[in-house]
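Hello,

Here is the structure you asked to look at. My notes on the ligand site and the cores follow below it.

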Amino acid sequence: MVREWDPRNASSVEIASLLDTLNAVLAADLPQDPPWRESSMREYLAEVMPGERRISWVAQDGPAADGTPGPILGHVHVLLLGGIGVLEVLVHPSVRRTGLGRDLVKLAARRVWDEGFQSIGVEVVGDTPAVAFYESLGFAREYVETRSVLDLGAVDWPALTEMATGVSAGYHLEFCPGGPPDDLIEAYARTKAEVRDLDDGELRPSSYDPQRLRDSLDTLHRRGMKPYIVLALHEQTGEVAGLTEVVVPAQHPTRADQYDTIVVQDHRGYGIDRAIKARMLLELRSAEPELAEVQTWNAQANEAMLKVNAELGYRPDRDWCEYGVDVGELVHRLDAHR
Ligand SMILES: CC(C)(COP(=O)(O)OP(=O)(O)OC[C@H]1O[C@@H](n2cnc3c(N)ncnc32)[C@H](O)[C@@H]1OP(=O)(O)O)[C@@H](O)C(=O)NCCC(=O)NCCS
């Protein structure tokens with residue numbers, strides 16, 4: 001049975017069941033990834049940025065003989081933001097290849113079409129069944145990144161301490177748990193704006209005006225994702241010359257996500273990238289004692305950043321791709337499929 005589903009008022013049994021399916025998917029497709037926990041799972045599924053909407057459906061097995069509701073074996077949601085619908089589909093490994101994934105995409109695609117959106121994007125993890133699945137539906141690969149993972153157990157901490165202090169004179173580093181302090185929000189947003197054209201795909205639009213930055217930090221907190229920031233401040237101008245952002249999600253607090261790292265063009269070549277990332281790892285070691293790994297995503301063309309990541313101990317893990325499709329074509333293709 002497939003039905004529209006709202007995580008805000010779903011029962012906690014349903015949230016737990018969806019989490020079980022997510023963990024079964026991870027065990028099948030990404031066995032090295034840590035399983036997710038229930039902590040803030042509802043908020044993770046429900047909360048969105050102002051102006052965005054997420055619409056969800058679940059596929060639930062029939063009730064047991066005693067009437068207890070069956071488990072949630074499939075889930076789809078689409079996040080409607082600035083002209084694009086971002087899709088996520090999950091099907092429990094025990095019921096794959098029965099057409100459920102296709103049925104779920106059909107529901108979401110039709111809604112995106114009815115809402116007047118033109119395109120659908122999706123993140124697809126390399127070397128998983130999702131690649132063949134989305135290609136069979138006519139999605140095309142638009143962008144590829146490499147995910148890399150750093151094992152904190154293998155880090156050379158004395159070398160890292162040296163890297164953290166290896167920044168040229170005239171800059172100082174600041175650690176900001178929770179997000180940038182209020183008096184630096186404007187400067188922080190300006191720095192993010194500077195590189196917005198170079199930013200990766202459209203699926204994770206970056207925050208570049210102060211209000212959007214505040215909203216995005218607030219949304220992260222509401223979703224149970226704790227941001228940490230290290231800034232490199234240019235002492236002479238007070239400018240944010242560089243920044244790096246890591247998020248520790250309540251859902252998998254042993255593995256953090258390294259988000260943007262930015263060094264402003266004029267401040268490149270002073271060791272800022274290496275220093276801010278190294279300082280971040282040192283700070284996280286005491287701020288998040290449960291943390292065991294950090295993962296990050298980089299464009300394959302970004303050689304300078306890949307080099308620094310390798311020095312810090314990041315190891316390439318998988319391709320992480322963005323696929324896209326025209327909604328009209330997708331709806332047509334799915335309607336034609338019997
Ligand atoms: C991708 C996914 C949704 C597919 O669900 P599904 O219910 O098995 O897909 P369907 O049965 O509707 O398959 C539709 C078509 O996709 C293609 N396809 C799906 N899985 C495939 C596979 N393993 N190999 C080759 N083709 C495949 C086939 O063309 C299939 O049609 P067919 O069975 O008639 O040949 C499912 O594997 C899944 O949940 N993957 C995890 C996705 C994810 O987001 N993971 C994130 C963390 S890893």
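H4 supplies the largest share of the shell around the ligand, with five residues. Bear in mind that this is a predicted model. The shell has 18 residues, of which Val91, Arg97, Gly99, Gly101 and Arg102 come nearest to the ligand. By class, ten of the shell residues are nonpolar, four are polar and four are charged.

The distance is 2.8 Å for Gly101 and 3.3 Å for Val89. For Arg102, a backbone N or O atom lies 2.8 Å from a ligand oxygen. On its own the ligand has 950 Å² of accessible area, and the protein covers 76% of that. Two or more shell residues come from each of helix H1 (12-29), strand E4 (84-91), helix H3 (100-114) and helix H4 (129-136).

Now the cores. The largest nonpolar core has 31 residues, and Leu152, Leu160, Ile272, Leu281, Val294 and Leu312 have the most contacts inside it. Elements that give it two or more residues include strands E7 (171-177), E8 (225-234), E9 (240-249) and E10 (255-263), along with helices H5 (157-164) and H9 (303-312). Helix H8 (272-287) is also one of these elements, and H8 gives the most to this core, with seven residues.

Beyond its neighbours within four places in sequence, Ile272 is in contact with Val167, Tyr171, Ala232, Ala241, Gly242, Val263 and His267. A second, separate core has 30 residues, among them Ile55, Leu100, Leu137 and Val331.

Regards

Terms used:
Residues numbered from 1 in each chain as written. Predicted model: local features only at pLDDT ≥ 70, side-chain atom pairs only at ≥ 80, totals over all residues. Heavy atoms only, no water. Core = buried A, V, L, I, M, F, W, Y, C linked by side-chain atoms within 4.5 Å. Buried < 20%, exposed > 50% of the residue type's maximum accessible area, 1.4 Å probe, protein only. Helix = DSSP H or I, 4+ residues; strand = E, 2+ residues; numbered from the N terminus. Contact = heavy atoms within 4.5 Å. Near = heavy atom within 4 Å. Polar contact = N/O pair within 3.5 Å; in protein donor to acceptor, adjacent residues only side chain to side chain. Areas by Shrake-Rupley, 256 points an atom, 1.4 Å probe, with all protein chains shown as cover. Nonpolar A, V, L, I, M, F, W, Y, C, P; charged D, E, K, R; others polar.
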